[in-house]
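These are my notes on the two-chain model you sent. They cover the packing inside the chains and the contact between them.

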Amino acid sequence: MDILRFITAGSVDDGKSTLIGRLLYDTKSILADQMEAVERASKTRGDGEIDLALLTDGLRSEREQGITIDVAYKYFQTPNRKFISIDAPGHIQYTRNMVTGASNADLAIILIDARQGVVEQTRRHSLIASLLGIPHIVVAVNKMDLVGYSEDAFLQIAQEYKKLADKLGIKDLKIIPVSALAGDNIVDKSEAMPWYTGETMLHFLENVNVLNDLNLTDARMAVQYVLRPQTEELHDYRGYAGRIQSGVFKKGDSITVLPSEQTSKIAKIEVYGEEVEEATAPQSVTILLETDVDISRGDLISGAGNQPILSQDVEATICWMDDRKELKVGNKYTLQHGTSLVRCSVKGIEYRIDVNNYEHLEDIESLKLNDIAKVTLRTAKPLAYDSYLKNRANGAAILIDETSHVTVGACMVEA
Amino acid sequence: MSNIQSPESIVQRQDYLDQLESEAIYIMREVAGQFERPALLFSGGKDSITLVRLAQKAFAPGKIPFPLVHIDTGHNFPEATQYRDWLANEVGAKLIVRQVEDTIKAKGLKEQTGKNATRNWLQTFTLLDTIEEFEFDACIGGARRDEEKARAKERIFSFRDEFGQWDPKRQRPELWNLFNGKISKGENVRCFPISNWTELDVWSYIEREKIPLPSIYFSHQREMILRDGNLLANADFIFKDENDVIVTKTVRFRTVGDMTCTAAVESDADTIEKVVNEIKATRISERGETRIDDQQTEAAMEDRKKGGYF
């Protein structure tokens, strides 16, 4: 059994929460008392129908307003897989939340209302999913019951979406006609749509191969913590603790430490105190080296020969997340990349991306909340990074406001 | 090198518990790496016991580099406090215990009285005082997102202002696995390494790792108070009236909180295997079945967290 993390993107009325509610309900992941609570709450609101969306809306103001404000996590499992569903609101003012949710997703479900087809927000959600490098996209053409389960309606939407996916370079795409409310093609095959012979939503989620999404080529590990027990028997022990971000490390491998560019060989790899011959992403390990090297938190251990880029000039796609202050050229921030913190300043804004039609807008002076743009940064120390689309783990960074300490930007670095 | 397997096969060999463990250990190490004075909030319950095992693994072969902190309401199960002392000694960790009773006296706090009175809310005062006393900048807790709907929305690194308050509407965006632990003096961060674990994951992990648990988690005979369909363990400090019936039952506890607000389930499961099987078969959630404090209002947990609760 493994884990699949997926995000659902859709707007207030697309039935996104209903879809998750349906997955939970049909896989029997909702327990009796939780169901009773939803029934009670549905009755209080007086709309008669049991509202499965209430299963995911956790905060008081969300339940009061009937909308999802924040990213919510739900868990369910089948005999094959543990699922982590990430529910993020899809409205334009919540682009920040979708980016947040998408950053940890292996797969995105994009909901389209069958009555409306591909709309502005479909383009926005698809763009975010592709910028964030989510490897698998499933389009759920929802509310098929409201278009008479029409095959033509579905095919038309599917065709239109494929054009969009080509434009964005989406590789693994699956399009499924569903009704989350009625349960068609979610867990059970729809009897109302005999013309659809493909997989149901759950079947696809259970079987999509995420093993191949791991980068096993570029050996990288950011050092989190130096273990020095300094006891009698472990007097000379010096272990570098971290989680392998990508690639494979083996005993005897030559490595380079960045940014210092010192070299050594791996003497030992330990997994929680026990020695192993080799280890791979995403394992947490401790690496011991053959020679004394000056390493501390924030350094990156890389396989020798296949090293990341080492530079103080960084180009990145950024999503701006601060609702109080704008990003302007010349501003300074703390950049967190891997385990390193480094000061940086904004050198330029190349262009802003119109999230609805993908046009590049130039001559941009500043970025506001939810803006997505290409920027150039200059860091105070060299940064050891890979291109985000090649190596998500070592190409991602956040910007932190130097005084409020709030996370204000999400960066996808380009090489 | 025929004894070395292909990377793909190693990845495949890592099952979901390995992945959860690796993530939790990564978070533990981030806490130790980013903060100067972290602490692990230990309740004696299975989730914080799991945290202690994860912390041991994260820093092996060294010792856990932060203290275990227990906020003792004085209403704990004696089995849980005995276990706490044994475990701290066993893993060689420093144990700090602070009593809610002392805070009540020192601050003249008013306790709830009567039926279903609990010190649950008062724990927050002692917790915030303890954080101040030791200047903890990070507190590791065993909260899980599947437990409760307000917790489903909380970050793994959850920022608290100088009054210990959680503001659900102004949470920091949390992207990838880049945890932002930057704070100013007086503020702190609550860190939740097992956010992505479910109740069943915790039990399965305890089974796999053969982690010893306090005896109350397994089937035993006990004198109970039967009240509104809930079974509460009998103790002198629990207020009883004529509607309460005292019965002897064979029970186990699915969660371990205060005796005043933790209900038992009737069960013959006396081994971890049997408990895991019962959890797999249950149709009622953990908090719904056993936490009287959460049955009170729809947003009980959200309100407590805003006030600085765990």
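1. This is a predicted model. One residue to start from is B:L40. Beyond its neighbours within four places in sequence, B:L40 is in contact with B:M28, B:S48, B:L51, B:V52, B:A55, B:F66, B:P67, B:L68, B:V69 and B:I140.

2. B:L40 and B:M28 also belong to the largest nonpolar core, which has 172 residues. Together with A:L132, A:Y161, A:F249 and B:W176, they touch the most other members of that core. Helix α2 of chain B (residues 16-34) is the largest contributor, giving 10 residues.

3. Where does this core lie relative to the domains of chain B? Domain 1 (7-210 + 298-307) and domain 2 (215-294) both give residues to the core, so it lies between them. A separate core of 23 residues includes A:I318, A:W320, A:I364 and A:Y385.

4. The contact between the chains takes 82 residues from chain A and 68 residues from chain B. About 6,300 Å² is buried between the two chains, with 57% of it on carbon and sulfur atoms. On the chain B side, B:R29, B:K153 and B:W176 supply 14% of the area buried against chain A, more than any other three residues.

5. Polar terms are also present at this interface: 24 residue pairs are in polar contact, both residues being at pLDDT 80 or more. Helix α2 of chain B supplies the largest share of the side of chain B that touches chain A, with 13 residues.

6. The count of salt bridges between chain B and chain A is 4. A:D323 forms a salt bridge with B:R170, and their closest N and O atoms are 3.4 Å apart.

Definitions and conventions: Residues numbered from 1 in each chain as written. Chains lettered and ligands numbered in written order. Predicted model: local features only at pLDDT ≥ 70, side-chain atom pairs only at ≥ 80, totals over all residues. Heavy atoms only, no water. Core = buried A, V, L, I, M, F, W, Y, C linked by side-chain atoms within 4.5 Å. Buried < 20%, exposed > 50% of the residue type's maximum accessible area, 1.4 Å probe, protein only. Helix = DSSP H or I, 4+ residues; strand = E, 2+ residues; numbered from the N terminus. Domains from an automatic or database assignment. Contact = heavy atoms within 4.5 Å. Buried area = accessible area lost by both parts, 1.4 Å probe. Salt bridge = Lys/Arg side-chain N within 4 Å of Asp/Glu carboxyl O. Polar contact = N/O pair within 3.5 Å; in protein donor to acceptor, adjacent residues only side chain to side chain.
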